[in-house]
Amino acid sequence: MTVRRVLKMGEPLLEQVAAPVERFDAELQALVRDMDDTMRSLNGAGIAAPQIGVSLRVVIFEVADNPRYPHVSPVPYTVLVNPQLTPLGSEQAEGWEGCLSVPGLRGLVPRYTRLRYRGSGLHGEPIDRTVEGFHARVVQHEVDHLDGILYPRRIQDLRNFGFEDVLGARMTPMPD
Ligand code: NI
């Protein structure tokens with residue numbers, strides 16, 4: 001079990017465009033194990049490799065009986081390598097998000113409500129899913145990390161950005 005340090009907003013690596021994965025080898029498996037351990041230790045809904053200091057296009061996510069998100073439908077545990085997102089339609093919805101790299105804060109972020117995502121799993125197997133709602137939001141948040149984008153840049157009105165412990169009833173918690 002290796003819980004790695006999570007980089008915080010302001011560290012340059014989080015703003016880089018991450019490189020594609022070329023080999024589905026033991027090194028990738030070790031990276032994903034560390035991402036798993038780190039995400040679970042912090043009760044995150046997802047994490048991207050750059051958040052533990054590795055600038056590669058790998059994200060993982062899962063929402064299953066997470067005490068921080070009691071109101072959302074489960075999202076299956078997924079390892080997604082070299083993802084490609086295709087929004088389905090132009091409809092967007094706003095939802096509250098948090099991020100392990102922006103601890104203690106939450107912001108209201110618009111995201112596409114439906115999308116298709118493709119990529120590879122841990123062993124190179126193809127993944128091709130059409131999803132909506134919270135699942136779609138989590139994927140967009142995590143894949144943004146691979147392009148050097150943290151959610152505060154997506155907030156349209158910065159009055160909807162603040163500390164979790166004082167926002168209280170204004171927000172329904174959304175993913176880290
Ligand atoms: Ni994040």
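Buried here means under 20% relative accessible area and exposed means over 50%, with partly exposed in between (1.4 Å probe, protein chains only). Threonine 38 counts as buried because its relative accessible area is 0%.

A word on the model: it is predicted, so local features need pLDDT of at least 70 and side-chain atom pairs count only at pLDDT 80 or more, while totals for chains, interfaces and linings use all residues. Residues are numbered from 1 along each chain as its sequence is written, and side-chain values use heavy atoms, with hydrogens and water left out.

**The two ends of the accessibility scale**

Methionine 1 lies in the segment before H1; helices (H or I, at least four residues) and strands (E, at least two) are DSSP runs, numbered from the N terminus. Between the C-alpha atoms of methionine 1 and glutamate 94 there are 36 Å, with the two residues 93 apart along the chain. Threonine 38 sits in helix H1 (residues 26–41). Setting aside neighbours within four places in sequence, threonine 38 is in contact (heavy atoms within 4.5 Å) with Thr2, Val3, Arg4, Val6, Ile47 and Ile52.

**The nickel site and H2**

Cys99 (SG), His141 (NE2) and His145 (NE2) coordinate the nickel ion at 2.1 to 2.3 Å. Donors are N, O and S atoms within 2.8 Å of the metal (3.2 Å for Na, K and Ca), and water is not among the atoms, so sites may look incomplete. Along the chain, the nickel donors are spaced C-x41-H-x3-H. Why are histidine 141 and histidine 145 about one helical turn apart? Because they are 4 residues apart in helix H2 (residues 133–146). Histidine 141 and histidine 145 are both buried, and so are 13 of the 14 residues of H2. From first C-alpha to last, H2 reaches 21 Å, close to the 20 Å expected at 1.5 Å a residue (that is, 1.5 Å times one less than the number of residues). Glycine 148 follows H2 and has a positive phi, near 75°.

Strands pair if DSSP finds at least two bridges between them. An open sheet of 3 strands runs in the order E4-E5-E8, with antiparallel pairing. E4 and E8 are at the edges with a single partner strand each, so one side of each has no neighbour in the sheet. Neighbouring strands are turned by 25° against each other on average, direction ignored. Strand E5 (residues 105–112) has 7 of its 8 residues buried.

| Strand pair | Bridges | A facing pair |
|---|---|---|
| E4 (residues 92–97) and E5 | 6 bridges | Glutamate 94 and proline 110 |
| E5 and E8 (residues 161–163) | 3 bridges | Leucine 105 and phenylalanine 163 |

Glycine 95 also has a bridge partner in E5, namely valine 109. H2 lies across E4 and E5, at about 105° to E5; axes are lines fitted to C-alpha atoms, for helices over the stretch in contact, and angles run from 0 to 180 degrees between N-to-C directions.

**Nonpolar cores**

A nonpolar core is a set of buried Ala, Val, Leu, Ile, Met, Phe, Trp, Tyr and Cys residues joined through side-chain atoms within 4.5 Å. The largest has 19 residues, and Val59, Phe61, Val63, Leu80, Tyr117, Phe134 and Val139 touch the most other members. H2 gives the most to this core, with 6 residues. A second, separate core has 16 residues, among them Leu31, Met39, Ala49 and Ile52.
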